[in-house]
Amino acid sequence: MTVPMALLALLDDGPSHGFDLKRRYDALLGQDRELKYGQVYSTLARLERDGLASGVGVEAGAGGDRKVYAITPAGVTELDEWLAAPNPPGGRPSELFTRVVLALVAGRPADQVLDTHRRAYLDRMRELTAARRGGDVVDRLAGDYEIAHLEADLRWIELASARLGAIADEVREVGR
Amino acid sequence: MSAVLEGRGLRHAYGATPVLGGVDLALEPGEVVALLGPSGSGKSTLLHLLAGLLRPDSGEVWLAGERFDPLSERRRSDRRLRQMGFVFQLGDLVPELTIAENVELPLRLTGVRAAVARARALAMLDRLGVADHAHKRVSEVSGGQAQRGAVARALVHRPPVVLADEPTGSLDTTTGELVLEALVDAATAQGTAVLLVTHEMRVASWAHRDVLLRDGRVVGAAGSAPEVATTAVSA
């Protein structure tokens, strides 16, 4: 869902072609997942088919002509609606939760599962804290986001660690 | 490199209640180490032992190459003044003094001349980004500015080690990060080791490495000391 909306948002800023859209997407949102050209062109084709964007011309480029796209009024409405609607909260806990429950059920040391994750998450947080000081404003925003989520996971790890002894038997009982 | 502050096999109990069960911890010059653990894990007791405010039931504390824990209260107090800096959760600056006068204190108390102390205090406040507030009283600055003043006071006499106990505990996240950044940068630059005591992982992530305490024992440690060679600190 994000890629079509991202391209619409970039087109809302002004008409553009696939090559430029990919470059701008990567700079803003590509953190460790850059967009493939194939995905850019297939998405643009879909947006055009659905009447959300349309070809408005051709621009000469280094590798040949580039089709320039513009957002349509329907595309603007689609983008506005998407931005206005909340992204449903995640709800489901991560795989970490699954591993802890399964360790308890299987009678394995769940505290070790928690310790291993605490270690890994804290190391990652230290990396991000260091990296964030060097990056541009978008990198910092992305770093802040990941740090806040790691912090939430680490908080849960502390809660679960403190309660592990008391809940182990009950968790096994629920799964019977 | 040899440790500037080291606890070896530290044990301590309050009455019949054991609080620390044999803790080893060493700080190298210029490194920032986070001491992490939930409430009741023994962090504060360990900090008090390392600062010489409590004596261990067994084990040793070494400060700048010398045994510290068996010294008399007066000599420990003198070492603390000269070789340690402290940052607490609530700044703990003297409210009747200006920020600059607070920062001068460790220098004045060890016999540094007034003009020299003033110049060094102002230079440290400048380094921490609060030079503009040097001549204001504590009540006239924000919590974050006061806390940077407290960091300046802890570092101004270039101690080998600073003990920081939840130094951002009273600040919001953004302001806290500015204080941490100032503390870590200034300490690392002058080769002062910092023990950053906290229960917050986000705060701990500013340290080069961390030590996790639970039920009075070290249960995990990770990270590595900074690779850059730091200049030796005069004690």
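A residue is called buried if 20 or more other C-beta atoms lie within 10 Å of its own, exposed if 12 or fewer, and partly exposed in between, with C-beta atoms placed from the backbone. By that rule, buried residues make up 48% of the 235 residues in chain B. Please keep in mind that this is a predicted model, where local features need pLDDT of at least 70, side-chain atom pairs count only at pLDDT 80 or more, and totals for chains, interfaces and linings use all residues. Residues are numbered from 1 along each chain as its sequence is written, while chains are lettered from A and ligands numbered from 1 in the order in which they are written.

**Chain B overall**

- Chain B has 7 helices and 10 strands, which are DSSP runs numbered from the N terminus (helices: H or I, at least four residues; strands: E, at least two).
- The C-alpha atoms of chain B fill a box of roughly 50 × 40 × 40 Å along the principal axes.
- Of the contacts in chain B with a separation of 6 or more, 70% join residues 24 or more positions apart; a contact means C-beta atoms, placed from the backbone, within 7 Å.

**A26(B)**

- You will find A26(B) in strand β2 (residues 17–27) of chain B.
- A26(B) counts as partly exposed because it has 17 C-beta neighbours inside 10 Å.
- Beyond its neighbours within four places in sequence, A26(B) is in contact with A3(B) and E6(B).
- The C-alpha atoms of A26(B) and K136(B) are separated by 38 Å, and these residues are 110 apart along the chain.

Terms used. Contact = placed C-beta atoms within 7 Å.
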